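Here are some exercises to work through with the model open in your viewer. Try each task before you read its solution.

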Amino acid sequence: MLSKVLSSAVMGIDAYVVEVEVDVAARGLPFFSTVGLPDMAVKESKDRVRAALKNNGYDFPLKQIVINLAPANVKKEGSAFDLPIAIGIIAAEGLLTPEQTAGIMLVGELSLDGRIKPIRGALPMAVKAKEAGIKRIVIPHDNAKEAAVVDGVDVYGAKDLSEVVSFLRGEGEMTPLKVDVSRLFMEHSHYLEDFADVKGQEHVKRALEVAAAGGHNILMIGPPGSGKTMLARRLVSVLPDMSFDEAIDTTKIHSVMGLLQPDSPLIATRPFRSPHHTISDAGLIGGGATPKPGEVSLSHNGVLFLDELPEFHRNALEVLRQPLEDHSVTISRAVASITYPASFMMVAAMNPCPCGYHSDDQHVCSCSPRQIQKYRARVSGPLLDRIDLHVEVPSVRFRELSDDRAGEPSSEVRARVNKARAQQRARFGGDGTHCNSQMKPRHLRKHCTVDEQTLALLESAMERLNLSARAYNRILKVARTIADLDCREHIKVSDVSEAIQYRSLDRKLI
């Protein structure tokens, strides 16, 4: 007998509908075959399904069982097909009618005793179910809140196989989970770290505010213990408030990677990722035999922090150049080509020299000029060109550390950043440009016009600092952001002057 059950799988960060066809025939010797480009985890499902059926009181048919996962030309991976295969076998044996299994999506991994374990990618699957017009989805209980974020789909959280069978027969009672998305969004939109915790470093806070207001990449240079990491971790707290669409996109990526916690089904704060400097190219950008998102995609809509920048492998740093420009990563394999979103702010930190104390008046630097030059050369010029702001972070004085007065809280800084971003959205309209750092040459010509005095300053800076064309454009973008923070439409010479000051590596002060 033939049965059909709807399920789903993930490709990239999006899901697609999979039709699980189960054919059980009594002729010939018994065997179990799965077709439709299954990976090893899918092939191994036969043993989990067999044990789960037996331990829940169902006879596993000693017949010829063929499982087809359609579309058959797309590689299937993961253990989420256990539940639909088990239900398909039960239906093929006549214990469920086609009407009882129609119009419902089933996903879940089975343990040997029939319990349904959590899976990856529950949110993208629920989104796809809504797009495909599927009104009901049965999902592992631990993934139910995550999937219930999607409006318009009845999400049923199941704990074991027997519960699902009773529900499909109409004998058991399972109620769809409802989630108050607005309340959930508010509960998870608070940051634990605040700018008010930072003592001193006012000029660095100003640079971070400019970076947040325009979505600019920033590099902090300073001795150990000057607060570079502390400042970087608090940058996400002053970034613009996250929209619901951004939260869904970010949550989908973390869902695919299995990083969501049951009590945090929606990511409503901007992600902060800080990979170790020993990370590989594939770990940073994404990839592998079966492509997975890397750190640049996990920091989508947030911050990617690279501490000790010169210590990263040269290849890993160089592959960052494409996502920094395109805000996406395309991974090509023989089977498929997958594009992951990677719209992030890159925040990097480095010491001024190998010992860390060059230009620090509290310590003596033991590095020779050649050692400093060699250390600096680990970060290529093309990558530095893609970083809009270079800021020096000096050591904090005792008087500043012992000051009991709290600094400006992140909420006040974020209010100014939100106002500046609102100006930028209104300026660019709906052409796909969201902030000043994403401006194209046509935007620069239209929105970054300067007077003769400012033009002369730019010309002098280009000649004296030997700036590239990309650095020139980035100075204009930063100046545009500084003007937006002051709610001005026209760029002043002071805006350009401040933007030039944020190119300390070009000025070769270290």
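Which residues is His216 in contact with, leaving aside its neighbours within four places in sequence? Contact means heavy atoms within 4.5 Å.

Solution. Two notes come before the steps. This is a predicted model, where local features need pLDDT of at least 70 and side-chain atom pairs pLDDT 80 or more, while totals for chains, interfaces and linings use all residues. Residues are numbered from 1 along each chain as its sequence is written, and side-chain values use heavy atoms, with hydrogens and water left out.

- Step 1: list the contacts of His216, which are Val210, Ala211, Met345, Asp388, Leu389, Asn436, Ser437, Lys477, Val478 and Thr481.

**Exercise 1.** Classify the ring pair of Tyr156 and Phe167.

Solution. 

- Step 1: take the cut-offs: rings of Phe, Tyr and Trp (its six-membered ring) pair if their centres lie within 6.5 Å; planes under 30 degrees apart count as stacked, over 60 as edge-to-face and the rest as tilted.
- Step 2: the centres of the Tyr156 and Phe167 rings are 4.7 Å apart and their planes lie at 40°, so this pair is tilted.

**Exercise 2.** Find the bridge partner of Leu219 in E18.

Solution. 

- Step 1: E10 and E18 pair in the parallel sense over 4 bridges, where pairing needs at least two DSSP bridges.
- Step 2: the partner of Leu219 is His390.

Conventions: Helix = DSSP H or I, 4+ residues; strand = E, 2+ residues; numbered from the N terminus.
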